[in-house]
Amino acid sequence: MILVACVGNIFLGDDGFGVEVARELSRRPLPPEVVVKDFGIRGFDLAYALLDHSGLTILVDACPRGGSPGTVYLIEPEISESGEAVALPETHSMNPMRVLEMVKSMGGAPKRILLVGCEPADFGPENEGRMGLSDPVQAAVGEAVAMIERLIQEHTEGRQPNVHGSEHIFI
């Protein structure tokens with residue numbers, strides 16, 4: 001089974017990237033073993049879904065890495081072996097890497113996680129937010145969907161999804 005876990009806050013401009021990708025994926029025919037879920041900002045729901053899931057997980061989120069707005073990244077986070085204490089995620093926001101740390105601290109060990117992220121342009125005015133994606137991030141939704149479809153196809157054909165040239169980050 002493949003879980004496509006989309007996260008983001010639609011009230012904070014480009015942070016809604018994952019939500020828009022989930023919306024677009026829901027319009028496409030996908031294999032029956034693929035579940036697309038919009039987790040929004042519900043970190044605990046994502047953590048419990050990851051505890052129950054033993055297949056490939058593709059996280060989708062806005063991902064500030066310093067690139068040009070609209071840049072789509074494929075990142076394979078690697079769970080470190082340190083036994084450091086983990087703070088629980090806030091209940092009204094979501095940081096997927098903190099959720100992965102929490103899953104690990106709860107004894108979970110997700111098989112393989114890939115992060116499809118997009119460089120945001122802005123999240124709206126300070127303390128106000130903004131509805132809707134910026135033009136470069138909206139344009140990147142299609143690229144992210146195509147990347148996710150390719151990853152799903154590779155996985156269902158028994159091939160390891162190709163993350164050659166992607167970044168590896170440790171949590």
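Start by selecting strand β3: L56, I58, V60 and A62 point one way from it, T57, L59 and D61 point the other way, and all of them are buried. Keep in mind that you're looking at a predicted model. Since seven of the seven residues in β3 (residues 56–62) are buried, the strand is largely enclosed by the rest of the structure.

Strand β1 (residues 2–7) pairs with β3 in the parallel sense over five bridges; look for C6, whose bridge partner in β3 is V60. Then pick strand β5 (residues 112–118), which also pairs with β3 in the parallel sense, over seven bridges. Here you'll find A62 opposite C118.

Next stop: salt bridges, of which the structure holds seven. Select D14 and R130, whose side chains meet at 3.9 Å, N to O. D14 sits in the loop between β1 and α1 (17–25) and R130 in the loop between β5 and α4 (135–156), so this pair ties together parts that are 116 residues apart in sequence. D14 is buried, at 0% relative accessible area, while R130 is partly exposed at 24%.

R150 is partly exposed at 32% relative accessible area, but E154 is buried at 8%.

Finally, select E24, R27, R28 and E149: salt bridges that share partners join them into one network.

Notes
Residues are numbered from 1 along each chain as its sequence is written. This is a predicted model: local features need pLDDT of at least 70, side-chain atom pairs count only at pLDDT 80 or more; totals for chains, interfaces and linings use all residues. Side-chain values use heavy atoms; hydrogens and water are left out. Buried means under 20% relative accessible area, exposed over 50%, partly exposed in between (1.4 Å probe, protein chains only). Helices (H or I, at least four residues) and strands (E, at least two) are DSSP runs, numbered from the N terminus. Two strands pair if DSSP finds at least two bridges between them. A salt bridge is a side-chain nitrogen of Lys or Arg within 4 Å of a carboxyl oxygen of Asp or Glu.
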